[in-house]
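Colleague: Could you take one part of this model and go through it closely? I have not worked with it before.

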Amino acid sequence: MRNVIKRLSPPAPGAVPSGTRTTGPRPDGVRPHMIYLAIGFPPAAKSCAYRMRETANKFVELGWDVTVLTIAEESWEREYGLDHTLSDPVDPRVRIVELPLAREDLETDIRLFTEDRALNPIRWMQRERERHLEHFPEPVFGGWRSALEQGVLDIHREFPADMLLASCAPYVNLAAAWKLWETHEVPYAIDFRDGWSVDVIGGGEAFTRDSEAGQWEERVLSDATAIWCVNDPIADFYRERYPELAERVHVVRNGFDPDSVPEVHGEPAAEEGLTFGYLGSVNFKPAFLATVLDGWRAARERDPLVARSRFEIRGHIGAGASREANAHMTLIRQAEADGVLFGGPVAKAEVAATYGRWDALVLMLVGGRFVTSGKVYEFMASGLPVVSCHEVDHDASRVLAGHPLWTGAVGLDAEGIADSFVKAARMAVQATPEQRAEARAHANRFTRGLLMAPGGRAPLPRRAARAPRRGHTGMTKALRGIRAVARGALHPRVLRTGAGARAWRLVVTAPGLSDAVRSRLARRVGGGLDQANRPEGAVLTLSSAARRTTGVRHRADLLGEAARVELARGRAPRVLTAAVSAELAWADARWADADTRAAAASAVTALQLAFHRVLHFDRTSSPLADDPGAYTAPLRASTTVRALTKPAGRATPPAVPAGRPLRLLFVTRGNANFLHRIRGHYEDRPEVEVRSLDLREEPALDKLATSLTRIAAHRLGGVGEFGRQAEELLRPHLDWADTVFVDWCVGPAALFTSVDPGTTRIVVRLHSAETFSPWPYLVDFSRVDDLVFVGAHLRDLTVATVPQLSSQNTPRLHVIANAMDLASHVRPKTDDARFTLGLTGISSVAKDPRWAIQVLRILRAHDSRYRLFLLGEDVDAKLSAASRAYARHYRRDVAELEPSGALRRLGQLDDVPAALTEVGVILSSSVRESFHCGFVEGAASGAVPVGRDWPFFAGKANGARTLFPADWVVGSAQEAADRILEVTSTPEAWQKTARAASAHALETWDWPVVRAQFDRLLLPEH
């Protein structure tokens, strides 16, 4: 029976109707009390419910009162539904509080839709995500923050808590845990399960430490008593990301429940065929399912036993309006003739019986080494053969290793999967009772109760951690009273007043305080002031305390926190230079003490602060672009950074192959958008042999390429595993290739220059964003033979920014435009194109589409026929507070102009040349560009180019005015409007100007012209 108490109010947006439920047992005041933030607790039909149930039960067993905070049952009806059999084993002493929260985006009753949602669901969804992001950096659940915070505070007020355990996702639970800690100092632990900053599907980092999400994660984890992860790779990721927290990171695997295991199987009736089964949520991409089904069909064609067998898929497919009405269901229905059927979800009570009806299991999993999936444990314990349909380097492979009835991992290849189906069929009919028993025994170490028990891997207390609250001594009561007064004085209501803020500032700067006490107190006061919406007061308090602090580490922490307060609000910190310098002072001290790893970690922290995206990407100005010499002066002064950028050189020069084709290796990490035409050209050349390496598809290499601290430690001369792994993994590629072309000067470039390339030539291409990031400081340019820029202005800025590029070990520098097929854009224009402006690529603040809108307003004051087409994904508001602020203003502009047709957002298009036939004037509104392909493509199409003199480079030796013809570039929106009015005044003037621009673009940047420049760079005979 569930013990549910009344839901808390008021409800947040997206709430379900409130009501009252039966009250569960009240904490007795003797046992310690834990609040368990567990959204997904039974009876939610979600995979996390099993882990949550066992966690709550185990704490009760260990002597705790447990109050679970979750959301209303009705909410799950919108998603995967309910399974009340999951609630049966919940200990009756567990108390459950439900909040009236629900996902509005999963509502399927169109009668409840707003007009905006009904008419433009895509735009409504985008705004819904942005609304959530205004509260917390999580686009689906961020808006729940205030309700969750109030929920834990209300529970604590009624029954004081001794501990809080937050299970993530959703990650907004972190805000509630932090709120209770900040307000009442209730210790908390985080059950991270799959982590947050780790990209468990793609591998590597999901977001940087200096992003808004990164700052939240670091802040909350820094004070957590324990951090749980579901497998070793995720735990290792966090130990490396936060080395100071390594001892608090624990692996708590999901495991399985013994009651989910079927009885021992007898021999299957092979003559009737076998039943293969999959049980779990179908949450992978349709293409993934299609590959598995292709493998199944191939197995049926080659093996008679599989041909007369069935493949049953059970579980949840889709949520909300997409539940069992999506592309996955279409694929399954199309495969019904091949013996594939869908049986729907399975209640917890029926899991064992379901396994008992099957003869072999199909394990379909996305991701790689960071993903385990809870189902793998049940699959192992079933004693049935297991077909693996997942990447070879997957944590499930490590769990299954040694299982006698496992077919092995062959990757996501239909032919390999077909072989596995055939192999599993043979295992099913040939397995001996001993083998099945051995398979079950292999899984026994992963029973959920064993994993969660004290002495297992879960860091649970063996008994109540705190003495009973009754009968406190007088001293204890006095201390509690003092703490209560302090908490009250730090309440946001107090700190919002000028008197309260000044009083605390006097406290944190008072003489006689130790650095440790001053630092901790200042951070508490600063956090309270920030929460009270007084960020200026927070910065003043933290920086004032820093001036009174003599310890290098404490001073760096205080100034770093002051800088992050302003960055989190989208502002350039006033203490930025001091904060970077203080962090580097600590790095230099560690470097002087030969503590390489600490020096590397501190240097990376300083670099990430100096190159925070708010400073250079999410605003329309950059302090680095304004004065690169002055901005990078603290970096150049650091002994650690000088050691970090010291050239290691190469033992031998690159060699030119003789008597065989040139071997050319293209290296990327996901983004190969600018490589396709170049790579295709050399694939067609008989004198060149081409290979490609995408590090996102090579998890071991990708892990190295995204490990900034490990790369930095290696550059500083640290002897460790990184260098050995890099050498072992890269050497086969370097031995094969004559030339390695690394596109983007980021992680792969740093990785490939971390080892001596031998006789292999290294070419790196830098686009634009890299110059405003830490990566060029981690690349050893003494091992780069040729560094390619797409614009001379980027070359100048990068050389002025990166110390190594001003040394004697500088690579050859080239400027070569991007590879574009401009001829394909030349198409006839529509009659009304003359009055249509176009702007391609608007997703980032650097594109500054508001400048284009300003031009449009000036034009429409003269002639209402002018309109603006915006091509590409809309402005991304998720990146930071600065980008959100820009996006808010942009959306207001759009809302004003879009209804009249003056502005149209065309979105992401497959055929841009076709869209450009309606555009007569192409704009470049950016504040920063490396080249701006869309602008040149528009000019080639026959649209008149009117480009802004990119402010990051305006007035310098090179920029938009030196890259493009003089009449293409303007200095202001008014100049742009004047130019457009002039050239579109008559059809003849417009067409003449457009033809000249198109001819110039084709003669200067079309692929045949640029191709010759790449040939001269890459082919030894040119």
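Modeller: Glutamine 215 is found in helix H7, residues 212-222 (helices are DSSP runs of H or I, at least four residues, numbered from the N terminus). This is a predicted model, in which local features need pLDDT of at least 70 and side-chain atom pairs count only at pLDDT 80 or more, while totals for chains, interfaces and linings use all residues. Residues are numbered from 1 along each chain as its sequence is written, and side-chain values use heavy atoms, leaving out hydrogens and water.

With a relative accessible area of 8%, glutamine 215 is buried (under 20%, with exposed over 50% and partly exposed in between, for a 1.4 Å probe and protein chains only). Beyond its neighbours within four places in sequence, glutamine 215 is in contact (heavy atoms within 4.5 Å) with Arg209, Asp210, Arg564, Leu567, Ala568 and His612. With histidine 612, the side chain of glutamine 215 makes a polar contact, side chain to side chain, at 3.3 Å (N or O atoms within 3.5 Å, one able to donate a hydrogen and the other to accept it; residues adjacent in sequence count only if both atoms are side-chain atoms).

Helix H8, residues 232-241, can be described in the same terms. Seven of its ten residues are buried, so H8 is largely enclosed by the rest of the structure. Those buried residues are Pro233, Ile234, Ala235, Phe237, Tyr238, Glu240 and Arg241. One of them, isoleucine 234, has its backbone nitrogen within 3.0 Å of a side-chain oxygen of asparagine 231, at the start of H8.

Terms used: Helix = DSSP H or I, 4+ residues; strand = E, 2+ residues; numbered from the N terminus.
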